[in-house]
Amino acid sequence: MAVSVSLYAEKANACTGIALKALDGSRVVARTVEWAATPMQCGYVVAPRGHAHRSYTPTGDNGLEYTSVYGYVGIYTEYEPFVVEGVNEAGLSAGLFFFPQYGEYAPYNPADNDKTLCDMQFVSWVLSQFSTIDQVKQGLSKIDLVTLNHKIGAVHWRITEPNGRMVVLEVVAGVPHFYENNLGVLTNAPGFQWHMTNLNNYVNLEPGSAPDNDITKGITLKSLGHGSGMLGLPGDFTPPSRFVRATFFQTTSPEWATGFDTVVQAFHILNNFDIPIGSQHVKSEIPKGMPSATQFTSATDLKAMKLYYRTAWNSNIRCIDLMDIDFHKIRYQSHPLDNTQVQPVEVVKVR
């Protein structure tokens with residue numbers, strides 16, 4: 001079976017991820033997935049224990065074969081094997097973020113197909129095989145990561161345990177690097193360490209309003225409104241600017257009582273990263289039939305084992321409860337995120 005990945009182009013690399021914790025100990029990871037070229041057919045898969053997988057390689061459906069140790073639920077974009085966000089029954093979460101221009105895998109060797117894993121299937125591999133980050137590190141040393149199309153560049157990943165430990169995995173010049181992500185934010189290029197250093201450029205940002213400033217006799221500068229402490233917060237959609245904004249909104253967010261409250265808060269924060277269609281195009285190239293370049297937004301409560309999502313076509317929040325799934329008995333299945341791409345509207349009747 002041949003799979004084209006030509007649809008994954010530079011306009012896809014606008015994903016934004018955050019992480020929050022609740023007072024009851026819940027940990028929530030949330031993110032957006034953008035694609036500004038065409039409407040995507042996104043869906044979710046439910047993979048049971050014992051499900052057989054096989055990776056694609058640049059020469060076909062002939063790569064690494066493995067069987068699910070853990071059942072999982074994952075959201076895919078266009079192709080079922082290409083899960084970009086998900087969580088398994090052990091509570092391990094994994095997500096894929098585009099990393100163009102900076103990531104690079106080791107050269108593909110057809111002689112090693114039996115241990116070759118496509119980068120777009122890495123999330124499924126992690127969710128199906130492991131329950132901890134350290135296990136992922138050990139497993140990575142036994143496989144070769146490849147891309148199916150060098151034109152789209154590389155990707156990087158975040159992996160999160162139920163206790164909140166998160167790492168970022170980036171492969172640069174063929175060498176994998178794991179970074180402990182105590183912040184919990186991730187976007188795209190440049191590399192994670194660069195983004196962390198760049199935060200120092202925004203040391204002046206603070207929530208609330210800046211104090212009055214007596215600049216000279218009889219002249220006092222005052223805030224024109226609330227939020228003047230945020231002046232200088234970058235507002236564009238580039239990965240560095242989104243990383244700074246996500247950090248500011250995440251770190252100034254209060255801790256809510258429960259995981260569900262925190263999930264709702266995560267969606268509110270990620271409202272700020274919903275990219276209006278047309279903002280990434282000249283007018284003659286704006287695609288039709290797309291209400292937003294942000295094709296879906298998800299949030300996962302790692303304690304309650306619930307994956308929530310909403311889409312560009314339906315902003316209502318929906319939930320998949322992994323605790324209701326028997327991963328030993330359930331069959332492999334996939335479903336679209338939206339059965340119909342129409343926003344439901346609740347009509348309020350006034351009598």
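**Review note: buried residues, salt bridges and strand pairing**

1. Ser 93 is buried, with a relative accessible area of 0%, where buried means under 20% relative accessible area, exposed means over 50%, and partly exposed covers what lies in between, with a 1.4 Å probe and protein chains only. The structure is a predicted model, in which local features need pLDDT of at least 70 and side-chain atom pairs count only at pLDDT 80 or more, while totals for chains, interfaces and linings use all residues. Residues are numbered from 1 along each chain as its sequence is written, and side-chain values use heavy atoms, with hydrogens and water left out.

2. Ser 93 belongs to strand β8; here helices (H or I, at least four residues) and strands (E, at least two) are DSSP runs numbered from the N terminus. Leaving aside residues up to four places away in sequence, Ser 93 touches Val 29, Glu 85, Gly 86, Val 87, Leu 127, Arg 158, Ile 159, Thr 160 and Leu 302, a contact being heavy atoms within 4.5 Å.

3. The next point concerns charged side chains. Searching the whole structure gives 7 salt bridges, each defined as a side-chain nitrogen of Lys or Arg within 4 Å of a carboxyl oxygen of Asp or Glu. One of them brings together the side chains of Glu 85 and Arg 31, at 2.7 Å from N to O. Because Glu 85 sits in strand β7 (residues 83–88) and Arg 31 in strand β2 (residues 27–34), this pair ties together parts that are 54 residues apart in sequence. Glu 85 counts as buried, at 1% relative accessibility, and Arg 31 is likewise counted as buried, at 0%.

4. A salt bridge also joins Glu 89 and Arg 49, whose closest N and O atoms are 2.8 Å apart. Glu 89 is in the loop between β7 and β8 (93–99), and Arg 49 is in the loop between β3 (42–47) and β4 (52–54), so here the pair ties together parts that lie 40 residues apart in sequence. Glu 89 is partly exposed, with a relative accessible area of 25%, and Arg 49 is partly exposed too, at 38%.

5. Which residue forms a salt bridge with Arg 54? The partner is Glu 65, and the closest N and O atoms are 3.9 Å apart. This pair links distant parts of the chain, since Glu 65 is in strand β5 (residues 65–67) and Arg 54 in strand β4, 11 residues apart. Glu 65 is exposed, with a relative accessible area of 56%, whereas Arg 54 is partly exposed, at 39%. Elsewhere, salt bridges that share partners join Arg 31, Glu 85 and Arg 158 into one network.

6. Strand β11 runs antiparallel to β8, to which it is joined by 7 bridges, and two strands are said to pair if DSSP finds at least two bridges between them. Within β11, Trp 157 is the bridge partner of Leu 96.

7. Strand β11 also pairs in the antiparallel sense with strand β12 (residues 166–172), over 4 bridges, and in β12 the bridge partner of Arg 158 is Val 168. The two strands form a hairpin with 5 residues between them, and in its turn Gly 164 has a positive phi of about 100°.

8. Not counting residues up to four places away in sequence, Phe 122 touches Leu 117, Val 136, Leu 140, Leu 145, Trp 157, Ile 159 and Leu 169.

9. Helix α4 (residues 239–251) has 13 residues, and because 11 of the 13 are buried, it is largely enclosed by the rest of the structure. The buried residues of α4 include Pro 239, Arg 242, Phe 243, Arg 245, Phe 248 and Phe 249. Among the elements that cover the buried residues of α4 are β1 (17–21), α3 (192–198) and α5 (259–270).

10. Asn 113 lies in the loop between β8 and β9 (116–118), and it counts as buried at 12% relative accessibility. Not counting residues up to four places away in sequence, Asn 113 touches Thr 57, Thr 59, Asn 62, Gly 63, Leu 64 and Tyr 108.

Methods. Expected span 1.5 Å × (residues − 1).
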